[in-house]
Amino acid sequence: MQTKSRLKTEIVAVLFLAFAAHAHAQAPAFDVASIKLHKDGPIRRPEFLNGRFAFSGPAIWLVSLAYELPANRSPRLAGAPEWLVGIKDLYDIDAKGSFPDHLSTSALKERERLMLRSLLADRFKLQIRREKKEMPVYILVVDTGGPKLEKSPLREEDCARTEVDDQVPCHEFNGGQGRGLHARAVTMDDLVAYVENWTGRPFLNKTGLSGLWKIDSQPWIPMDAAMNPPPSGAKGENGVDLADLPTLFQVFEKLGLKMKADKAQVDAYTITDIERPTEN
């Protein structure tokens, strides 16, 4: 009986490895990628533009983009070594790939994520496990009285990958905690995914609002400062007194939305193996 059970387990393991290898082989990948240690100059957020991917910074940003996680530390990611999230190990990455014509925005972003996953698996030897976990979250809902948001003049088919008239393209934000939220055409899913960088816990869209929206907001004080008022004279990112800034909860209230604490099942990831890449 034990022999049959062991044989069954081994067959399942072989089939799983074969499936994983096949899936990896079929995943889109960059045609060429250069990775070097960052020695000087400013860091640069990951950016896709005309088939090219450029980046200078900590590798955790790559993991975050590839798996739709906040760029800041998140309870949804475990097992990250210190070199991955620290500021000592920074990398310059320049990669090129091909993209089929006429991809929708969502299909294009999914292809970009898969290409980054291939890069992380090949060059960083990343192995990562995904599972559902229940944990404290924030949810975003429509407040009493309805949303106070401006619909974007753009439709999804109008969205372009490049900047137009120095404005941010679709599904992208400028600013953040210290400068406020500024976007010309984003969904509510885009909104919660971006703001999750500052909430300290997962942030879920439960508004039921569809379509593209234009958003402009005030900056806000950090979440910990919202719970513990900042000392007198404390300054924000843009030099404004923190005492004069609203909380993130109040920022959403001005948009006709409400941010509430809750618990929910969310996608969580555990890094089981990762290595520093070799330079080329």
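V32 stands opposite K96 in β5. Helices (H or I, at least four residues) and strands (E, at least two) are DSSP runs, numbered from the N terminus. This is a predicted model, where local features need pLDDT of at least 70 and side-chain atom pairs count only at pLDDT 80 or more, while totals for chains, interfaces and linings use all residues. Residues are numbered from 1 along each chain as its sequence is written, and side-chain values use heavy atoms, with hydrogens and water left out.

Stay with β5. S34 also faces this strand, standing opposite D94. β1 and β5 are antiparallel and share six bridges. Two strands pair if DSSP finds at least two bridges between them. β5 also runs antiparallel to β3, joined by seven bridges. There, P58 stands opposite L90.

Now take the sheet as a whole. It is open, with four strands in the order β1-β5-β3-β2 and antiparallel pairing. β1 and β2 (44-49) are the edge strands, each pairing on one side only. From one strand to the next, the twist averages 10 degrees. Axes are lines fitted to C-alpha atoms, for helices over the stretch in contact, and angles run from 0 to 180 degrees between N-to-C directions.

What lies across β1, β2, β3 and β5? Helix α4 does, running at about 60 degrees to β1. α4 has 19 residues and spans 27 Å from its first C-alpha to its last, close to the 27 Å expected at 1.5 Å a residue. The expected span is 1.5 Å times one less than the number of residues. Buried residues in α4 include L108, M115, L116, L119 and L120. Buried means under 20% relative accessible area, exposed over 50%, and partly exposed in between (1.4 Å probe, protein chains only). Just after α4, K125 takes a positive phi of about 55 degrees.

Next, the interior. A nonpolar core is a set of buried Ala, Val, Leu, Ile, Met, Phe, Trp, Tyr and Cys residues joined through side-chain atoms within 4.5 Å. The largest one has 30 residues, and F53, I93 and F124 have the most contacts inside it. Among the elements giving it two or more residues are β1 (32-37), β3 (52-58), β5 (90-96) and α4 (105-123). The largest share, five residues, comes from α2. Leaving aside neighbours within four places in sequence, F53 is in contact (heavy atoms within 4.5 Å) with residues including F30, L62, L65, I93 and L116. A second, separate core has 22 residues, among them A183, V186, L255 and L257.

Finally, the charged pairs. The structure holds 12 salt bridges. Each is a side-chain nitrogen of Lys or Arg within 4 Å of a carboxyl oxygen of Asp or Glu. R44 and E47 form one, at 2.9 Å from N to O. R44 is partly exposed at 38% relative accessibility, and E47 is partly exposed at 35%.

D89 and R276 form another, at 3.0 Å. This pair links distant parts of the chain, 187 residues apart: D89 sits in the loop between α3 and β5, and R276 in the segment after β12. D89 is buried at 15%, whereas R276 is partly exposed at 48%.

An α-helix has 3.6 residues a turn, so residues three or four places apart point the same way. E110 is partly exposed at 31%, while R113 is buried at 15%. Salt bridges with shared partners join E68, E110 and R113 into one network.
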